[in-house]
Amino acid sequence: MKLIYDVQDRPPMGETIIFAFQQMIAIMAATLLVPMIMTGFTGGALYFDPAAALCGAGFGTIVYILFTKGKSPVFLGSSFTFLGAYAATLGAGYGYWGVILGIAFAGLVYVVIALIVKFVGSKWVNKILPPIIIGPIVALIGLSLSGTATDWSMNNGGSTYNLLSVLCAIVTFLVIVLVSVRGGKKLKLIPFIIGIGAGYLLALILTLIGIAADSEYMQILSFDSFKAAFSPFKFTSILDYPKFTFLLAIQNPEASHIDGAAVAAIALIFIPIGVVELAQHVADHKNLGNIINKDLISEPGLDRTLLGDGVGSIVGGFFGGAANTTYGESIGCVAITGNASIISIFFAAIGCIVLSFFTPFVALINSIPKCVMGGACIALYGFIAVSGLQMLKKVDLGNNKNLFVVSAILVTGIGGLVLNFGHKEDGSTIIQISTLAVAMIIGIITNLIAHKGKMATGEEIEDEDAGLAAAVEGMEAVVTNSETIIDEPAKVEDKAE
């Protein structure tokens, strides 16, 4: 696609700060939500600080930028893929250290695969994950997240449907669309800031009316984050350090019960997830590469992106208690705005670190209604899905062999097929292979079966069709030559006249 700012471009400082802020808003809600869910797993017995997760994501992104030599413009945020692993680890009483150790295991999986790629090369990845596989997988990443966008839009993060929440979501989305397609050159670079701002303003107006009319239904926006920050007012109402997970682990040793058996159990929980996450990592980078017109698997190389993702995740988990991953919201932001400047991503990372210490900012971000973020995510997740479908433009879907592969991935992925192995006494699953990984595995198997043991790209002409194609080309050549011959006398007559 056509970029306004390429990866190595340096926009003016004022624009860079605005672009960085937009990236922060795009990744903020999901990054802050993961630690909130993790705290819920413990019933509040253990606390995972959203501000610490935000800071950890900033540190992890900087690590990623360094490993990838500043050539891959994407932000690393808290991963939802590991929520089941967190639940199992915390439920078993392994506490803070158990989570940190598990994230380290998952990150080391990336490091090991990166070393294999370094010495063996990455061609095997392209063979295993050709366009016919990676296209629908990327589409699935967007489609699988769509439920979150619509749920937030309808229920505002709760369990009760609210038509006014839908209104705020739609207004947010439509403002983003209007700014993106009809705004001026500068405005087109910040559609999310304007769209989310418009949705927030509408939610605020409705909430103030609801308070005046004593109507709980109209109170879309919650002021709880501001009350917690400023009531009572103290120094920490302005500046406060995040409650880093490693500090909580040191301060509360009784919260973690780790022994040799626990280490083995944690490894079994996290390592399989780290392995299957390879598919999403490759899909994200092929998608991003397609957007910025560069092959990131070749340069900076899959080994470097894996190292950046793995080590960045370990660093993020150490500080914020949540494993990090390349964020689809960040990629979608690059696609919609046409701004791929790595400086914007770097400033976004620095901003997350600095602002995680700034209490009013954290309170403001936490106050953004989920329905407003849901409206923004409709655009973000939609762009991810369409980017995957664009990878299929050269795949011959008129061929049933290819159609079976794509349909198998989409149906099993959208349908939510997972593989569960083992159950604990409380009925929870010991190991779960995620939907995305299962869809990828089924797609690879189907591709091999449909194409007689060959990992086809979906773009080739089948052997049995090659003769027909050659015959058609030959006939077209004969017809063309015949038309040329027939036209020659006419040309002679024209000259005679």
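Predicted model: local features only at pLDDT ≥ 70, side-chain atom pairs only at ≥ 80, totals over all residues.
Most residues other than glycine have a negative phi, and most peptide bonds are trans.

Pro 232 belongs to the loop between helix 9 (224-230) and helix 10 (245-251).

The peptide bond joining Glu 299 and Pro 300 is also cis, with an omega of about 15°. Pro 300 is located in helix 12, which covers residues 297-320.

## Helix 7 against helix 8

Two packed helices are described by the angle between their axes and the distance between the axes. For helix 7 (residues 163-182) and helix 8, the angle is about 150° and the axes are 8 Å apart. Because angles over 145 degrees count as roughly antiparallel, helix 7 and helix 8 are roughly antiparallel to each other. Helix 7 passes helix 8 in a right-handed crossing.

On the side of helix 7, the contact is formed by Leu 164, Leu 167, Cys 168, Val 171, Thr 172, Val 175, Ile 176, Val 179 and Ser 180. Helix 8 contributes Pro 191, Phe 192, Ile 194, Gly 195, Ile 196, Ala 198, Gly 199, Leu 202, Ala 203 and Leu 206. Divided by class, the residues of this contact are 15 nonpolar, four polar and no charged.

## Helix 8 against helix 16

Helix 8 (residues 191-212) also packs with helix 16 (residues 370-390), at an angle of about 150° and with the axes 9 Å apart. The two helices are therefore roughly antiparallel to each other, and helix 8 passes helix 16 in a right-handed crossing.

In this contact, Phe 192, Ile 196, Gly 199 and Tyr 200 of helix 8 meet Val 372, Met 373, Ala 376, Ala 379 and Leu 380 of helix 16. The contact comprises eight nonpolar residues, one polar residue and no charged residues. Phe 192, Ile 196 and Gly 199 of helix 8 take part here and also in the contact with helix 7.

## Geometry of helix 16

Helix 16 bends by about 30° at Cys 377. At 1.5 Å a residue, its 21 residues should span 30 Å, and the end C-alpha atoms are 30 Å apart, which agrees with that expectation.

## Helix 6 against helix 18

The axes of helix 6 (residues 131-155) and helix 18 (residues 435-450) come within 10 Å and cross at roughly 160°. That angle makes helix 6 roughly antiparallel to helix 18, and the crossing of the two is right-handed.

From helix 6, the contact involves Ile 132, Ile 133, Ile 137, Leu 140 and Ile 141. From helix 18, the residues are Leu 436, Ala 439, Met 440, Gly 443, Ile 444 and Asn 447. Nine of the contact residues are nonpolar and two are polar, with no charged residues.

Methods:
Residues numbered from 1 in each chain as written. Heavy atoms only, no water. Axes fitted to C-alpha atoms, helices over the stretch in contact; angles between N-to-C directions. Helix = DSSP H or I, 4+ residues; strand = E, 2+ residues; numbered from the N terminus. Parallel < 35°, antiparallel > 145°, perpendicular 65-115°, else oblique. Left-handed = near helix turned anticlockwise from the far one by under 90°. Contact = heavy atoms within 4.5 Å. Nonpolar A, V, L, I, M, F, W, Y, C, P; charged D, E, K, R; others polar. Expected span 1.5 Å × (residues − 1). Bend = angle between axes of the 7 residues up to and from the residue.
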